[in-house]
Amino acid sequence: MTVEQFVNRHLGPDTAAHARMLEAVGYGSVEELMDAAIPEVIRWHGTLDLPEPATEQEALAQLRALADRNTVAVSMIGLGYHGTHTPPVIRRNVLENPAWYTAYTPYQPEISQGRLEALLNFQTMVADLTALPLANASMLDEATAAAEAMTLARRASRNGSAVYVVDADALPQTVAVLRARAEPLGIEVRVLDLVTTDLPAELFGLHLQYPGASGAVRDHRELVEAAHERGALVTVAADLLALTLLRPPGEIGADIAAGTTQRFGVPMGYGGPHAGYLAVRAGLERMLPGRLVGVSRDAAGERAYRLALQTREQHIRREKATSNICTAQVLLAVMAGMYAVYHGPDGLRRIAERVHAMADRLAGGLRAGGVETGAEPFFDTVTAVVPQRAAAVVAAAAERGVNLRLVDADRVGIACDETTTEEHLRAVWAAFGVDAPTGEPQSPAPAGPARSTAYLTHPVFHAHRSETAMLRYLRRLADFDYALDRGMIPLGSCTMKLNATAEMEPISWPGFADLHPFAPAAQTTGYRELISSLEEWLAEVTGYDAVSVQPNAGSQGELAGLLAIRAYHRDRGEAHRTVCLIPSSAHGTNAASAVMAGMRVVVVACDADGNVDLVDLDAKIAKHRDELAAIMVTYPSTHGVYESGIATCCAKVHDAGGQVYVDGANLNALLGFAKPGQFGADVSHLNLHKTFCIPHGGGGPGVGPVAVRAHLAPYLPGDPLDADGAPAVSAARYGSAGILPIAWAYLRMMGAEGLTRATGTAVLAANYVAARLRAHYPVLYSGSKGLVAHECILDLRALTKATGVTVDDVAKRLIDHGFHAPTMSFPVAGTLMVEPTESEDLAELDRFCDAMIAIRREIDEVGTGTWPAGDNPLRNAPHTAAMVSADEWPHPYPRSVGAYPAGVERAGKYWPPVRRVDGAYGDRNLVCACPSPEAFEE
Ligand SMILES: *Cc1c(COP(=O)(O)O)cnc(C)c1O
């Protein structure tokens, strides 16, 4: 008997279903379909060179062996990464719960109230602890949050300076990322020891940090004032746990606060993923990059949450966007916010006091043993001075299972955290060769300027303090939401496929979860082996020569790839090549990333079939020939079609001396059939949270590896701790390493044949949906044989014109049917883009098509006047239980039509908690923290 192959679990349709789908599409086999769909110029006919597919059990055993090759030491390295106890109730019911981790970004607020509330808690937590009024949810890590703060300061400062001053006690990886992001923008980063040096006369911004990398907690008030006098903005990078005890940035006049929330219950994961944070003072809210949850109201006037100020998003603003951030760290922000909900302000304060007491005791013991620890106040981190002995001390501690930070030949950094015990302190003292002090631990005075103001006063931070209450709160919020565990999420471009349990399990094993990113290499053998096979497999499936997994989202992969192109041109003496051609159909991040890489965006038109207009391309190349840096194209295009002109397009750009960037977000349509690295591209990013099964997490985490051909390999992102290396795009060398086992497991279990079958099934499913729906909604674009790739665009514009029913109405009515809407109005306004993926079975595909057809009938009823344009099941969707069970029913259709549209099963019905959310109201009345309980009553 053979064991069931994983691929048969990953794929939704079985053999019989494949046959029925092929019949509907009109092809005899998937091979025939793919031969017809994919242009021969890009077709690759080999077999991927990957290991034979492993079963779930075999893959898990291999991952276990890799995890065992990592050494989980006691980490006292600090530098922004700390040991933390993830409360088990949060680990199991958030991190390990598909209701949270398989959700999508909350663009459809009616089905996302649970995670929106969780993110509002996160924003409130950050705003309270930093004492700044507005925080977003969330940033990719502390270093990139600091970089976003730098560019925000530049936009907001009017003094015209290009100088950004960074305190020498900032985290080294933050300095590395600031430098990398500053250079292409013409910003001069000046790192100064502000204890001994005055601020320069001109600067647009100042970056301070407390506690600093050394652990020192300084009073920065005078520096803040001096910077403000010069017309500069001040960013303070601060540790949120320390801020429960220390005077917060908002109270010393900081304009911006940035940092990480990792130590709020999120495992270190060898560098990530964790949620970074960014908070701003009043007056800067409309410049804040990233996603912002706000409070609004629904059609019944009830309070409802939604993403606020959506027009700032790069989707809409493109090259004028404030930042390229798209996928963020939602799942981790939810965890950190829940950590604060569970511990409450007093619990957090107790944790902070204990951490500080441990550090104080540690320092006291060292001093009693004759080791100098510096005179400055500290919170959790002590710098010990041991002339010429630092390396020996660090080695002696490592022998005792404790990692310390080697600052230089004379200094050792030691950071305490929530997990520090007396035993750990004894190991450290022993490593320094000093005796453990006698006597009981004391409660020391607070470190540095103390905090006197309250925080986390909102009832949510007080109401869920028992495990029973917490469990129920998490369940209640999860029940509000629609995720992949309820049904299909057919979002075009987002590839919401199966996130298999076997892929997910390893990420919470200590051998992967509990490693510090700067742990000694000898302790991370398993991780590095996993990463190098993953990079090798990704290179094989894409046809590139080298891959870096450092970028922690697709947007960051884009930036890394464009920076590689930029460096390549500069090294060849062609620094003047700065124009980046981008087709009008591109994802908004492309243009925003190009601007961040110091490039100028020139838009190339698309023709009537949705393809890159080769005539316009010629014209744009002719016009910008000498300055041409690159073209950025998505393949298959965001129009969901395999363009046959792609090879010509690449050749034309190369002839003009430009490089070709292929946005790899749509790789799910190519794997096993075509390799971008071989059909003419020089560099791509991939989205491991799309094609390679990392779950979307409600808007992150993600991983956006950058893949390049050999000539760009020297320019791949470097180690942020290596000052001589290539520029880094994230704080940790391997970015969000903690979730790489997911993609590793997917590749390992699918193998060459499995991946190829997945691609074929994804393309078959999209063509099946197109075939079934074509008679009801025009399919906007298709290739030469009338086929689409892995997604299809349904054009509603004519229907909207004739009946007034909009894509919004259809999207919301799909909620009544128990579906998440397809992608709305991207890449074409007034359309819906459907990507079914290979994981949905035929029954679910049919349920979706049936729902869309039923909706089309309702549109016709509106068109013929059966129902008025302003009062019909589409316009009133989604229908809540409260609405259809109300004593009043003033609508011209029965309640049952509202509640249970054709074909909807009564028993398993998903009820959204709110009616349609009024977006404009929320933007006019911006509230981005937990509303007071009285606001409930209004
Ligand atoms: C998702 C996507 C991106 C951006 O990726 P993130 O991981 O969200 O930053 C870029 N391009 C396309 C076509 C995409 O679909």
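# Briefing: cavities, ligand shell and backbone geometry

Leu456 is placed in the loop that runs between helix H14 (422-432) and helix H15 (467-480). Its backbone has a positive phi of about 50 degrees, although Leu456 is not a glycine. The model described here is predicted.

**Backbone geometry**

- Most residues other than glycine have a negative phi, and most peptide bonds are trans.
- Leu456, with its phi of about 50 degrees, is a non-glycine residue with a positive value.
- A cis peptide bond joins Ala137 to Ser138, where omega is near 15 degrees.
- Ser138 belongs to the loop between strand E2 (134-135) and helix H8 (142-156).
- A cis peptide bond also leads from Gly272 to Pro273, with omega near 0 degrees.
- Pro273 sits in the loop between strand E7 (256-260) and strand E8 (276-280), and Pro273 is also among the residues that lie nearest the centre of the second largest cavity.

**Largest cavity**

- The volume of the largest cavity is about 270 Å³.
- Its lining consists of 24 residues, and those nearest the centre are Leu79, Gly80, His82, Pro211 and Asp239.
- By class, the lining of the largest cavity comprises nine nonpolar, ten polar and five charged residues.

**Second largest cavity**

- The second largest cavity holds about 180 Å³ of space.
- It is lined by 18 residues, with Leu95, Pro273, Leu332, Ile507 and Ile739 lying nearest its centre.
- Helix H12 (330-368) and helix H17 (510-513) are the elements that contribute two or more residues to this lining.
- The lining of the second largest cavity has 15 nonpolar and three polar residues, and no charged residues.

**Ligand shell**

- The shell around the ligand contains 14 residues, and Thr327, Ser493, Asp663, His689 and Lys690 come nearest.
- Which element gives the most residues to this shell? Helix H19 (residues 554-571) does, with three residues.
- The shell around the ligand divides into three nonpolar, eight polar and three charged residues.

- The side chain of Ser493 places an N or O atom 2.6 Å from an oxygen atom of the ligand.
- For Lys690, a polar side-chain atom is 2.8 Å from an oxygen atom of the ligand.
- The side chain of Asn687 has an N or O atom 3.0 Å from an oxygen atom of the ligand.

Key
Residues numbered from 1 in each chain as written. Predicted model: local features only at pLDDT ≥ 70, side-chain atom pairs only at ≥ 80, totals over all residues. Heavy atoms only, no water. 1 Å grid on protein atoms, 1.4 Å probe; cavity = no way out; pocket = protein on both sides within 12 Å on 5 of 7 lines; lining within 4 Å. Points joined across faces, edges and corners; volume = space filled by probe spheres on them. Nonpolar A, V, L, I, M, F, W, Y, C, P; charged D, E, K, R; others polar. Helix = DSSP H or I, 4+ residues; strand = E, 2+ residues; numbered from the N terminus. Near = heavy atom within 4 Å. Polar contact = N/O pair within 3.5 Å; in protein donor to acceptor, adjacent residues only side chain to side chain.
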